[in-house]
Amino acid sequence: MKIVFCIDSFADGGAARVVSSVSRELYKRGEQVYIATNTIHRKISYDIEEGISFCPLYSEKHYRCPSVFRIWLLVRNARRIMKQVKPDVVVGVHPIMFVVCWLSSWGLSIPIIASDHTSFARRLPWYMTFIRFHLYCYAQAVTILSQADADFLDRRLPKKKVLPNPLSYPIFKGNSVRRKNILAVGRLNVWKVKGFDLLIEAWGKIAADYPDWQLEIAGTGDEQKAEELRQLAIKYKVAESVKLLGYCSNLKKLMQETSIFVLSSRVEGFGLVLLEAMSQGCACISFDDQGRQGEIMTHNQSGILLPGMSVEQLAVAMRQLIGNEDLRKRLSEEAKTEAERFSVQKIVDRWEELFANVIKT
């Protein structure tokens with residue numbers, strides 16, 4: 001089977017990490033995998049097997065053209081790739097890339113799957129919302145991340161298929177010295193969506209009682225956004241104990257050394273980084289976005305789930321874990337066990353089943 005994944009960038013982000021994991025597993029199973037992406041203007045951040053081919057979706061002149069012509073260039077390049085590769089199925093990752101794949105496949109009889117990677121309850125720009133709720137219906141299938149999204153959509157998008165993100169790391173079986181730290185991960189440019197302001201405020205309520213602990217936030221972003229977070233740390237009197245780590249090339253190792261992980265997002269389609277932290281033995285706390293994170297983690301068994309976006313509750317949960325090492329260890333072990341449900345092998349089994357269904361139809 002020939003499969004093309006079409007994604008805007010392979011430089012960072014959860015969607016690219018998912019494509020990387022799924023592609024590697026498919027290749028190991030003997031499938032021919034191609035990744036059409038921005039190979040010219042953005043770096044490739046994720047490791048890929050040598051037998052997986054990258055196809056340049058962008059040209060040298062892309063950003064020199066007026067914006068009105070850029071989609072046309074993408075469609076033209078995507079169509080060229082499809083004619084050369086002759087894939088059995090194409091996966092358009094994110095709304096814009098689905099539209100590019102859909103337009104470029106006209107007349108080629110290639111099934112197109114729309115792969116969505118955020119919550120359908122999230123407010124996005126109007127054109128993204130239009131694509132998701134009106135154009136996705138032209139896909140042969142639409143992958144969504146959670147049953148909560150399936151319930152939210154109800155009878156809309158009848159071709160939807162719940163396909164959670166796979167775990168991109170092996171379960172950590174070793175022993176490590178856990179530092180006295182609380183870790184959060186996410187792009188700084190969307191720090192409000194990631195709830196880093198709520199996290200810093202909650203930390204400000206308890207940090208004085210734990211002077212040997214620190215809060216760390218890993219993720220890329222503009223200097224302006226980083227400065228906004230520094231100002232919040234100053235506002236809540238925790239500037240000395242809040243550290244912005246920037247891009248971390250070995251996030252897995254960082255998680256293996258972390259005591260507590262917090263997912264403080266206001267909106268989160270699935271929470272891949274939460275799953276990764278669980279797999280590496282972090283004791284985890286997460287806001288539960290309308291049940292989405294409850295599909296990953298069981299409250300008081302493999303982590304602590306907070307039903308709202310309460311700063312007070314987050315501060316209480318962090319205090320509880322900092323003060324109880326035995327609880328941290330118990331949650332750590334249970335988290336690793338629960339994370340095994342999302343192994344890449346199990347999730348790719350479901351991808352292959354989906355591919356077989358759309359090709360057959």
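Biologist: What relative accessible area does tyrosine 127 have in this structure?

Modeller: A residue is called buried when its relative accessible area is under 20%, exposed when that area is over 50%, and partly exposed in between, using a 1.4 Å probe and protein chains only. Tyrosine 127 has a relative accessible area of 38% and is therefore partly exposed. This is a predicted model, in which local features need pLDDT of at least 70 and side-chain atom pairs count only at pLDDT 80 or more, whereas totals for chains, interfaces and linings use all residues. Residues are numbered from 1 along each chain as its sequence is written, and side-chain values use heavy atoms, with hydrogens and water left out.

Biologist: Where is the place of tyrosine 127, and which residues make a nonpolar surface patch of about 390 Å²?

Modeller: Helices (H or I, at least four residues) and strands (E, at least two) are DSSP runs numbered from the N terminus, and tyrosine 127 belongs to helix α4, residues 126-135. Patches take residues with over 30% relative accessible area and no salt bridge, joining like charges within 9 Å and nonpolar side chains (Val, Leu, Ile, Met, Phe, Trp, Tyr) within 5 Å, and the accessible areas come from the Shrake-Rupley method with a 1.4 Å probe, where for residues only the protein chains shown count as cover. Here Trp126, Tyr127 and Phe130 make a nonpolar surface patch of about 390 Å².

Biologist: Which residues form a positive surface patch?

Modeller: Lys and Arg count as positive and Asp and Glu as negative, while His and the chain ends are not counted; a charge is placed at NZ of Lys, CZ of Arg, CG of Asp or CD of Glu. The positive patch consists of Lys61, Arg64, Arg76 and Arg80. Lysine 61 sits in the loop between β3 (53-56) and α2 (67-85), and it counts as partly exposed because its relative accessibility is 38%.

Biologist: How many salt bridges does a search of the whole structure find?

Modeller: A salt bridge is a side-chain nitrogen of Lys or Arg within 4 Å of a carboxyl oxygen of Asp or Glu, and the search finds 20 of them. In one, the side chains of arginine 230 and glutamate 223 meet at 2.7 Å, N to O, and arginine 230 is partly exposed, with a relative accessible area of 34%. In another, glutamate 25 pairs with arginine 29, the closest N and O atoms being 2.9 Å apart; glutamate 25 is buried, because its relative accessible area is 11%, whereas arginine 29 counts as partly exposed at 28%. Lysine 253 and glutamate 257 also meet through their side chains, at 2.5 Å, N to O, and while lysine 253 counts as partly exposed at 44% relative accessibility, glutamate 257 is partly exposed with a relative accessible area of 24%. Salt bridges that share partners join Glu25, Arg29, Asp349 and Glu352 into one network.

Biologist: Turning to the helices, how many residues of α3 are buried, and what covers them?

Modeller: Helix α3, residues 95-104, is mostly covered, with eight of its 10 residues buried, namely Pro95, Met97, Phe98, Val99, Val100, Cys101, Trp102 and Ser104. Their cover includes β1 (2-6), α2, β4 (89-93), β5 (112-115) and α4. Helix α7, residues 196-206, is likewise mostly covered, with eight of its 11 residues buried; among them are Phe196, Trp203 and Ile206.

Biologist: Is glutamine 293 buried or exposed, and with which residues is it in contact, leaving aside its neighbours within four places in sequence?

Modeller: Glutamine 293 lies in the loop between β12 (283-287) and β13 (304-306), and it counts as buried because its relative accessibility is 0%. Contact means heavy atoms within 4.5 Å. Beyond its neighbours within four places in sequence, glutamine 293 is in contact with residues including Leu263, Glu268, Phe270, Ser286 and Leu305.

Biologist: What is phi of leucine 157 near, and what is phi of lysine 237 near?

Modeller: Phi of leucine 157 is near 50°, a positive value in a residue other than glycine, and phi of lysine 237, also a positive value in a residue other than glycine, is near 60°.
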